[in-house]
Amino acid sequence: MAERLAQYAARFEELAGSLGLDYDPVDFELVPPAFMLEVSIYGLPVRMPHWSFGVRYIYQLVQTRMGNSQIFEVVFPGDPNRAYLADTNSLAENSLVTAHVLGHADFAKHNALFQRSRQEAGAHIVEQAATRARRIERAIVEFGQGSVERVLDCALALEQHIDVNQAIGRAPYPVYVPEGPQRAADAFSSRFRDLPGEPAASVKPVAGRRAPVPARPENDLLWFIAQYAPELEDWEREIFLAVREESFYFYPLFACQIMNEGWAAYWHARLLREATFLPESVYVDAIKSHSDVVSPFAGERRLALQANPYHLGFSIWERIIEEQGVEGARKIRDQEDDFGFVRNYLDARLAETLQLFVYEAERRGRIEIVSKDIESLHERLLAPKFNYGAPRVSVSEMKTDGTLVLTHAHRTDGRGLDFDRAVKVLDYIHRVWRRPVILHTVDFQGASRVLKAGADRSD
Amino acid sequence: MSETRQWYDLFSRGARDWLRHNEKIRDAVRRELPDLIAGSDLISRPDNRAVQVPVRFLEHARFRLQDSDTRMGVGQGEGQTGDVLTPVDSGRDGAAKAAGQGEGELSFLLEFKTDDIIDWVWEEFKLPHLKPKLSPAMAGDDWVREGWDRRGARARLDRRRTLKEAVKRRAVEPAGPAFVDEDLRFRQLARRPRPISAAAVFFVLDVSASMEESQRRLAKTFFFWALQGIRRQYARVETVFIAHTVRSWEFGEDEFFQVKGEGGTVASTAFAHALDLLHERFHPSRYNCYLFYASDGDNFTEDHHAAQRALDELVQCLSFMGYVETASDALAHFPDTEMGGLFAGLEYAGHPAASYPLNRADDIWGAIRSFFSERSRAEDGKHG
């Protein structure tokens, strides 16, 4: 299969070029499904070891064995892009995937979020992640599994708590409150200076007022802990920054999922349609896989309780290209992320065609369609994506004794944090911060609650 | 497109991290172990020295919002506002998404080696280690190799040493003969007293009609852990299982706990039986002997004196005698029961005996702990 697929890939690239797709080179690799599984779990081909990946791995392994999910491709944008294809999938499936990957590569080269991520994290994240994984493995040898795990427990738990609007190599806060403008030299001060007598003691520059840390509530918990944890070792800081950097890299993939998958689906469909070099049988099978991938429903069902991002993105892009042509679509590809894409281009008419609805599921299992209103559809679709999908927790204060005070923006999130999990996370943080950590949130009735780790629990 | 590279098959990071997760679970389980195993049916398969414990996945916690009563989402398909949908599986997983909230629902079986468990329990409870008997009265002497000499029986000639000596000698007189008498080295033996590292454990169980299934189970669990603890200390442990009603029988370990008898209780028969076996098989100079008796406390009043005599005689030959009283609905309660009284008498007389009331599974560890700490104290007192 490898040779034929390589042939097709070359022809697809040729065709893609003539259709105006523009991308950095793509490095295709056929790998065994076990490797695919690992790549999709770790998010990167080689990444730091942590037991939580093991849990996901086994869970996914069970799912795959039961036939509930099939992984088609994993692609890592960069220069070159790295695409992994499963060597157990059929030639037709892999032909489709090859075309699909070209769509992703085009997207990753032009979308603003991806471009920024590349500026910040570089174009060789796969290699960098492997290097960091090796450093962490060396740290395990040097400092012991327990110590490294303690740091990773905390860093990976806070993986989503970064501030993507800041630079990766972000400077610490100014130590002093910036001073006000110098007092203008007026008549009095010049006469005062000219007074006879002993020369004034050489005046040291007066240290300004120390600026509070953090100056404003800080959302980038990973950065804050790496920067300000009272007793963090250098190797521990390095781990925190490694997790943070990978998190920056993942953000565009997360925030553009609908757009990106839709764009790739549009282009694989188009490339397939125009691929005259494909034998009939391969073409038919590939088109069939395509319609499975972009089908909103699983199997024979006519109803789904989640919107398939492939289908949704594909449908929106088709509509855009119909109305504005490919050039218009390219502008949108460059500038939007899922938030803008869904809000601006999923209109009531399209939602109606796609039969989208908002449902409400009660715990006991009763599910009711509550709305078809376009505004609430937008918000429901995007709700899991806000703030990298995590509750908004920020550092509000670092006390003089080193106590870290976190605040959960429960008003924005609509309800409080899950206490059990929050306390566990505080515990993770405490083991690295090594000073008490407290968190303000609310309980289910909206009354404020303070959770603590490492502090005297009696007060 | 590059070719399939075989070495991708060598990647097993997922499996590695999975094993690490299991290791963590083991640690976690270990902390809860005593509660976990006190209730479980452990020795139903005595040859399989492992216990299976069902556990759930660990969760790597993250900040998450509280669960609300209702969940909102976007779906797709035919339907109008206000329609109530029959619950269906929530479609396909779209992309290869990371495992979601289902993680906590899977559980799996972890197997623990009984020996490991015992080690943990000892660590956990800081239980002392029993010391094997070591008394001058015992003829437990042993010949051990000790040093070399120029004279000795030919059978104990150490050829390697002899050759070495010859080489050394010829280094200074190269023309000398190959071997001379001075080169010969013989292994020497010395007599050393050897501590007795064998134990014999008698388990005596009252299987009369008054003993219920749950009581037998308590006794069984106690026996099991006591035996494991003793096994830890001795190189070789022999077990004897005796069950009695008005008569007594010896059983194999397998059948022993399944035995259910009818009728009343004459404990002296079992004690006499144990005494016979003791004399027959286990010479006190070769074995540390332990006896555990489990009963609900009843015994025929007519048997009082016979039982007392048998116990008196038995306790002379034993390192220790333990009595486990499982709760019963009888009028008398520990230690006012017939058997409770007898053992209390032995203890009072300064014999190595003790009694443990067992009412619930929770009591087992207390009993085990007090057994081993008392034993260790008693033996320290004897020798130290």
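Student: What share of the chain B contacts between residues at least 6 apart in sequence join residues at least 24 apart?

Tutor: That share is 79%. Keep in mind that this is a predicted model. Chain B has 384 residues, of which 31% count as buried, and its secondary structure comes to 9 helices and 12 strands.

Student: What makes a residue of chain B count as buried?

Tutor: You count the other C-beta atoms within 10 Å of its own, and 20 or more makes it buried. In chain B, 31% of the residues pass that test.

Student: Then take A167(A): is it buried or exposed, and how do you know?

Tutor: A167(A) has 11 other C-beta atoms within 10 Å. The cut-off for exposed is 12 or fewer, so A167(A) is exposed. You'll find A167(A) in the loop between α7 (145-157) and α8 (187-193) of chain A. From G78(A), A167(A) is 89 residues away in sequence and 19 Å away in space, C-alpha to C-alpha.

Student: Next, α11(A) and α12(A). Why are they called roughly antiparallel?

Tutor: Look at the axes of α11 (residues 257-274) and α12 (residues 280-293) of chain A: they come within 11 Å and cross at roughly 160 degrees. Angles over 145 count as roughly antiparallel, so α11(A) gets that label relative to α12(A). The crossing of these two helices is left-handed.

Student: Which residues meet there?

Tutor: From α11(A) come A265(A), H268(A), A269(A) and L272(A), and they meet Y283(A), A286(A), I287(A), H290(A) and V293(A) of α12(A). By class, that contact has 7 nonpolar and 2 polar residues, with no charged ones.

Student: How many residues does each chain put into the contact between A and B?

Tutor: Chain A gives 82 residues and chain B gives 56. On the chain A side, helix α3 (residues 51-65) has the largest share, 11 residues. That side of chain A divides into 51 nonpolar, 12 polar and 19 charged residues.

Student: How do you know that β5(A) pairs with β2(B)?

Tutor: Pairing takes at least two bridges, and 7 bridges join β5 (residues 356-362) of chain A to β2 (residues 70-77) of chain B, running antiparallel. One of the bridge partners to look up is Q76(B), across from L356(A). On to β6 (residues 367-371) of chain A: 4 bridges join it to β5(A), again antiparallel, and Y359(A) has I369(A) as its bridge partner.

Student: What makes β4(A) and β3(B) edge strands?

Tutor: The open sheet has 5 strands in the order β4(A)-β2(B)-β5(A)-β6(A)-β3(B), with antiparallel pairing. Both β4 (303-304) of chain A and β3 (84-85) of chain B pair on one side only.

Student: Which helix lies across β5 and β6 of chain A together with β2 of chain B?

Tutor: That's α16 (residues 374-382) of chain A, running at about 110 degrees to β2(B).

Student: Last one: what joins β7(A) to β8(A)?

Tutor: 5 bridges join β7 (residues 393-398) to β8 (residues 404-408) of chain A, and the strands run antiparallel. V393(A) has H408(A) as its bridge partner. The hairpin has 5 residues between the strands, and G402(A) takes a positive phi near 90 degrees.

How values were computed: Residues are numbered from 1 along each chain as its sequence is written. Chains are lettered from A and ligands numbered from 1 in the order in which they are written. This is a predicted model: local features need pLDDT of at least 70, side-chain atom pairs count only at pLDDT 80 or more; totals for chains, interfaces and linings use all residues. Axes are lines fitted to C-alpha atoms, for helices over the stretch in contact, and angles run from 0 to 180 degrees between N-to-C directions. Angles under 35 degrees count as roughly parallel, over 145 as roughly antiparallel, 65 to 115 as roughly perpendicular and the rest as oblique. A crossing is left-handed if the near helix is turned anticlockwise from the far one by less than a right angle, and right-handed if clockwise. Two residues are in contact if their C-beta atoms, placed from the backbone, lie within 7 Å. Ala, Val, Leu, Ile, Met, Phe, Trp, Tyr, Cys and Pro count as nonpolar, Asp, Glu, Lys and Arg as charged, and the others, Gly among them, as polar.
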